[in-house]
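Take a look at the sequence and the structure, and keep both at hand. Friendly questions follow, each with an answer that you can check by eye.

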Amino acid sequence: MKKIILFLPVCLVTFTAFDSVTVDKATMERGKRVYTQYCLACHQIDGGGVPGLNPPLEKTPHVLGSKTKLIQIILKGMNTHEEIDGEIYNNTMAPHNHLTDQQIADVLTYIRNSFGNKAVPITPGDVKYVRARTK
Amino acid sequence: MRKYFFTPLLLISAILINPKSDFSFELKGKTNLHVENAGLKLPAGFSASALADSVGRARHIVVTKKGALYIKLSKLVNGKGILYAKDTDADGKIDEIKSFGNYIGTGITIKDGYLYASSNDEVFRYALDENEELIKPDAPEKIISGLINGRQHNTKSLVLDDKGNIYVNVGSPSNSCQEIDRGVGSNGKDPCPILDSAGGIWQFSADKLNQSYKDGVRYATGLRNVMGLDWNYQINELFVIQHGRDQLDMFPEHFTAQQNAVIPAEEMFMIKKGVNCGWPYCYFDVQQNKKVLAPEYGGDGKKTTRCEGVEQPVVAFPAHAAPNALLFYTGNMFPGKYKNGAFVAFHGSWNRSPEKQEGFYVAFVPFKGGKPSGPWEIFADGFAGVETVMSPKQAMHRPCGLAQGPDGALYVSDDVKGTIYKIVYKNN
């Protein structure tokens with residue numbers, strides 16, 4: 001028993017390090033529904049965004065990087081017009097803090113694992129934690 | 001790795017070998033240059049060629065009386081934002097490019113011995129010689145500054161009349177003047193406070209230096225964003241095309257995504273001094289063929305309060321197609337039906353999901369006596385290079401600027417790859 005308990009964390013670390021993320025189907029389906037309703041119009045069906053207007057979601061540091069920053073983009077919107085891979089995007093993203101923790105977790109997990117992306121899921125707990133600390 | 005190592009060396013040697021150019025452009029010809037009609041579909045008797053295919057983010061363009069081009073760029077190339085491009089050996093390909101102007105932007109035009117060009121908050125002019133070449137490329141006169149640059153809709157398109165006035169678009173820095181821009185269910189600010197300095201066309205003197213808002217006149221208001229504008233010399237009036245509103249479905253109790261995709265028109269207006277075209281309170285519904293109240297101001301898709309007396313469009317085009325340039329054709333090369341009619345470059349939509357995207361073509365509207373005399377039609381299609389565009393990134397080329405050559409040819413710029421198209425008519 002002791003062996004198994006020791007073995008589990010090792011397994012998890014390896015799992016993350018090799019980036020072989022699997023997300024359950026139900027989460028992806030829920031995430032896709034949220035994406036279709038609130039995100040697709042701007043970020044497009046292929047996550048490609050709109051040149052000069054709406055940033056792409058394909059393999060960008062914003063999507064694949066810090067969970068906290070990504071959750072904050074949903075909660076606070078984005079109007080920084082920073083360069084992403086040499087391009088500037090001029091449209092405003094409104095805050096989407098009306099979405100529930102579950103919806104945000106689902107949609108972020110979905111975009112982190114669609115459009116050629118692969119990254120660890122975001123949980124409702126992650127969103128709850130960040131929301132409580134985001135003004 | 002080796003390939004990348006040599007690229008800078010090749011560029012440097014190209015610049016050294018070619019002393020005529022400020023910097024070298026590789027005119028690759030890999031996409032379009034050698035394809036029939038440069039990949040475009042045109043009416044019978046017309047043909048097209050690509051003069052260049054990689055000049056940068058080519059926005060508005062103007063052709064000189066000698067057939068050279070000034071091209072405004074929305075992204076600097078080697079630190080410069082305007083190109084002067086020539087086909088010196090008349091083989092139908094641009095072979096000499098000079099560059100100047102350290103600012104990005106969209107607007108560029110020529111009038112009475114001056115080249116006018118805009119950044120996203122200023123307008124400059126450059127004196128031209130008898131060949132319409134620059135006399136002092138590094139010493140423009142700044143004629144207007146301090147225009148609102150809200151990032152959204154920040155391009156400053158330009159046109160002049162015959163009386164020494166310049167007309168400049170100042171787009172609204174939002175979609176519909178909401179409390180929270182593009183926020184689901186967010187109401188409109190009432191009155192919309194930005195209309196004193198944006199969301200309209202401003203008129204300034206073409207030859208007065210250092211003007212700001214206080215020196216100009218708000219010539220027209222209620223225009224969300226205008227990129228295409230031109231002076232109609234037949235009737236001496238200004239015409240503009242508005243980029244209509246996005247995202248009606250931010251009010252899901254009244255509109256579905258599918259309704260948003262097709263309802264709010266791209267409107268062409270004739271602009272008399274002082275007109276109000278309705279934004280943000282009203283938009284034109286292509287299905288009901290009338291102006292209706294925007295949902296941000298209590299509209300439900302049917303109410304028309306606040307929209308009586310608002311300027312009506314002379315043409316309503318498909319929703320979201322993004323009219324980026326307008327040109328009244330005054331040349332003699334094209335058949336008679338085109339004379340004094342309007343060409344419109346549609347950059348192509350992004351806000352039409354779940355429908356396919358719309359636009360990516362040059363349209364034509366016949367005019368008689370300064371009024372549209374028939375339905376609009378697609379004139380040049382095929383820029384996108386794919387049959388159906390679902391996501392704008394799939395479009396290989398997007399038409400953005402229009403210009404008429406001294407021989408009557410029509411030039412079209414593309415701001416994706418930087419292709420410059422020339423469309424001609426052969427009477428045979």
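Q: Over how many bridges do strand 21 of chain B and strand 22 of chain B pair?
A: Strand 21 of chain B pairs with strand 22 of chain B in the antiparallel sense. Two strands pair if DSSP finds at least two bridges between them, where helices (H or I, at least four residues) and strands (E, at least two) are DSSP runs numbered from the N terminus. For strands 21 and 22 of chain B, the number of bridges is five.

Q: At which pLDDT do side-chain atom pairs count in this predicted model?
A: Residues are numbered from 1 along each chain as its sequence is written, while chains are lettered from A and ligands numbered from 1 in the order in which they are written. This is a predicted model, in which totals for chains, interfaces and linings use all residues, local features need pLDDT of at least 70, and side-chain atom pairs count only at pLDDT 80 or more.

Q: Which residue is the bridge partner of Leu326(B) in strand 22 of chain B?
A: Strand 22 of chain B has bridges with strand 21 of chain B, in an antiparallel pairing. Within strand 22 of chain B, the partner of Leu326(B) is Val344(B).

Q: How many of the residues of strand 22 of chain B are buried?
A: A residue counts as buried if 20 or more other C-beta atoms lie within 10 Å of its own, as exposed if 12 or fewer do, and as partly exposed in between, with C-beta atoms placed from the backbone. In strand 22 of chain B, Ala342(B), Val344(B) and Phe346(B) point one way while Phe343(B) and Ala345(B) point the other way, and all are buried. The strand is largely enclosed by the rest of the structure, because the buried residues number five of the five.

Q: Is Ala322(B) buried or exposed?
A: Ala322(B) sits in the loop between strand 20 (315-317) and strand 21 (323-328) of chain B. Its phi is positive, near 65°, although the residue is not a glycine. With 27 other C-beta atoms within 10 Å, Ala322(B) is buried.

Q: Is Asn236(B) buried or exposed?
A: Asn236(B) belongs to the loop between strand 14 (226-232) and strand 15 (237-242) of chain B. Asn236(B) is not a glycine, yet its phi is positive at about 55°. With 11 other C-beta atoms within 10 Å, Asn236(B) is exposed.

Q: Which residue is joined to Trp279(B) by a cis peptide bond?
A: Most residues other than glycine have a negative phi, and most peptide bonds are trans. One cis bond runs from Asp190(B) to Pro191(B), and Pro191(B) is in the loop between strand 11 (165-170) and strand 12 (200-205) of chain B. In the loop between strand 17 (275-276) and strand 18 (282-285) of chain B lies another proline, and the cis partner of Trp279(B), with omega about 0°, is Pro280(B).

Q: By how many degrees are neighbouring strands of the sheet 6-7-8-9 of chain B turned against each other on average?
A: These four strands form an open antiparallel sheet. Strand 6 (108-111) and strand 9 (141-144) of chain B stand at the edges with a single partner strand each, so one side of each has no neighbour in the sheet.

Q: Within what arc do the buried residues of helix 5 of chain A fall?
A: The buried residues of helix 5 (residues 67-76) of chain A are Leu70(A), Ile71(A) and Ile74(A). They line one face of the helix, because the arc, taken from the directions from the helix axis to the C-beta atoms, is 100°.

Q: How many residues of chain B are in contact with chain A?
A: Residues are in contact if their C-beta atoms, placed from the backbone, lie within 7 Å. For chain A the number of residues in contact is 16, and for chain B it is 16.

How values were computed: Contact = placed C-beta atoms within 7 Å.
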